[in-house]
Amino acid sequence: MDTFLSGREQMLGNIVETAPFPIGVYTGNELTIALANPAIINAWGKGSDVVGKRYTEILPELENQQIFDQLRNVLSTGLPYHAKNQKVDLEIEGILKTHYFNYSFTPLFDNEGNVYGVMNTAADVTDLNLAQQKLIEAEGRLVLAVDSAQLGTYETDLVSETLKTSDRFNEIWGVKPPVTRKRIIEAIHPDDRQVREKAHEKAMSDCTNVFYEARAIHPDGAVRWIRVNGKILCDDNGIPITLIGIVQDITEQTETAEHLTKLVKKRTKELQRSNEDLQQFAHVVSHDLKEPIRKIKMFIDLLENSLDVQPETQEKKYITKIQQATDRVYTLIDGVLNYSTISADNQPITVIDLNDIFNHALTDLELLIEQKKGTVTKDTLPNIEGVPILIQQLFYNIINNALKFHRDGVAPAINVSASIVKAQNNNYAHIRISDNGIGLPEAFAKRIFTAFERLNPKDLYEGTGLGLALCKKIVERHHGTIEAEGNETGTTFTVCLPIKQWEDGI
């Protein structure tokens, strides 16, 4: 018997040693390890000195995992045991680690038919099981996401024309199983069936995505808007074989969009009416209001001449006050008119030579510059796209502002510098207009661009409080920026205007 066993074990040993997968042989009721190949020794993680020792001694952590019972049962019954994807916790380097194995316990018989040992073969499928678990988890998350988004799913076999649908799919379309493509087409509003047909034809021709929105008519007559998103899967020959996709009920979104569209149309109509009223108001301002102001001024002049009012008299002071008040009202009317009508029309864009525009503004201010004994110097300015009349008004107002707010006894000196800067992938004309006037406190740097905002007494400095507000409006319509900074020795306005406009009109 010993010779027979030795010969058999030697033969098994040769097989075991060369096998690429874990193999071990355990003999007797003590389950003594007779053979163990490198693969199973490596799987156990207990070192190489295991042959001759008891299986239960080497792997005590298996006591509560029913594996010892499985081995003893094979020894006692002679029946093999097979396990698939079995979880096995092995203690390796003091740490209990989870593995998964496909393993078998096969009885070994002697010549007399008695079981003398068990051969253990195994395959480590830990990585495969973990991958399957991740796949299951991912599928679970996908199902949860689909359910949370209230999406219906479907899969169509394009060869057999069979259709698999989810409960949510059936609910969205208002159909009951068994669902067929014909039944879905019948549920689509007749006016929208052509949309579905074109989407499918295009996707089938080049194996791309199916996308369309259509109305579905439910059995109770309710109409629902449905968005369909699908993907055509083709075989190696480019023949469509499967269509998978999702559907979504977008009735509420569609109704909201329609409501917003109607609201926008309503607001647009109201805005057009408001603009028309504004234009009518501007007409009244420019004609009906200015006319009585002209008459007041004219009769004040006639009254002064007819009374032969002498200078330094109380009457002369009264008349002067009235004349100044009428002048301010007249100027204010012009300012309001310009401010209110600048945005009324979309004006065409042209290429502007800023040097010519600036010189035109200086010509309009020539008399005032001479009266103030002012000087204006400037760099060469670039060309930009914009509306010439508005840019001229921009320069006019800024220069006029510098001339008005000069310091007593100091002649106004205005300097204009320019450069090209790049911001947000666009080129801008960066223009700085500096003066030596009364300056600007930092706290008022933004307030001066507010309509009717005056930072100085009207009896000392003339103006309407609209000039710089108008400048800001002009710059913004040209998609630019304007800023002001100053101190007790002067103010600097920085204007940034795009070299090229990205719209057809301003």
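Q: How many helices and strands does the protein chain have?
A: Helices (H or I, at least four residues) and strands (E, at least two) are DSSP runs, numbered from the N terminus. The secondary structure of this protein chain comes to 14 helices and 17 strands. The model is predicted, so local features need pLDDT of at least 70 and side-chain atom pairs count only at pLDDT 80 or more, while totals for chains, interfaces and linings use all residues. Residues are numbered from 1 along each chain as its sequence is written, and side-chain values use heavy atoms, with hydrogens and water left out.

Q: What share of the residues counts as buried?
A: Buried means under 20% relative accessible area, exposed over 50%, and partly exposed in between (1.4 Å probe, protein chains only). In this chain of 506 residues, 38% count as buried.

Q: Which residues touch the most other members of the largest nonpolar core?
A: In soluble globular proteins, nonpolar side chains tend to be buried together. A nonpolar core is a set of buried Ala, Val, Leu, Ile, Met, Phe, Trp, Tyr and Cys residues joined through side-chain atoms within 4.5 Å. The largest one has 40 residues, and Ile 391, Leu 394 and Phe 395 touch the most other members. Among the elements that give two or more residues to this core are helix 11 (354-364), helix 13 (388-404) and strand 15 (426-434). Helix 13 supplies the largest share, eight residues. Another core, of 27 residues, lies apart from it and includes Leu 31, Val 88, Tyr 103 and Val 118.

Q: What is Phe 395 in contact with?
A: Contact means heavy atoms within 4.5 Å. Leaving aside neighbours within four places in sequence, Phe 395 is in contact with Leu 354, Ile 357, Phe 358, Ala 361, Leu 381, Ile 431 and Ile 433.

Q: In what order do the strands of the sheet with mixed pairing stand?
A: Strands of a sheet pair through backbone hydrogen bonds, either parallel or antiparallel. Two strands count as paired if DSSP finds at least two bridges between them. This open sheet of five strands has the order 12-14-15-17-16. Strand 12 (375-378) and strand 16 stand at the edges with a single partner strand each, so one side of each is left without a neighbour in the sheet. Within the sheet, strand 14 and strand 15 pair in the antiparallel sense over nine bridges, and Ala 418 stands opposite Ile 431 in strand 15.

Q: Which strands does helix 13 lie across?
A: Axes are lines fitted to C-alpha atoms, for helices over the stretch in contact, and angles run from 0 to 180 degrees between N-to-C directions. Helix 13 lies across strand 14, strand 15, strand 16 and strand 17, and runs at about 170° to strand 17.

Q: Is Thr 494 buried or exposed?
A: Thr 494, in strand 17, is buried, with a relative accessible area of 12%.

Q: How many aromatic pairs does a search of the whole structure find?
A: Rings of Phe, Tyr and Trp (its six-membered ring) pair if their centres lie within 6.5 Å; planes under 30 degrees apart count as stacked, over 60 as edge-to-face and the rest as tilted. The search finds nine pairs. The ring centres of Tyr 103 and Phe 105 are 5.1 Å apart and the planes stand at 45°, so this pair is tilted. Both Tyr 103 and Phe 105 are buried.
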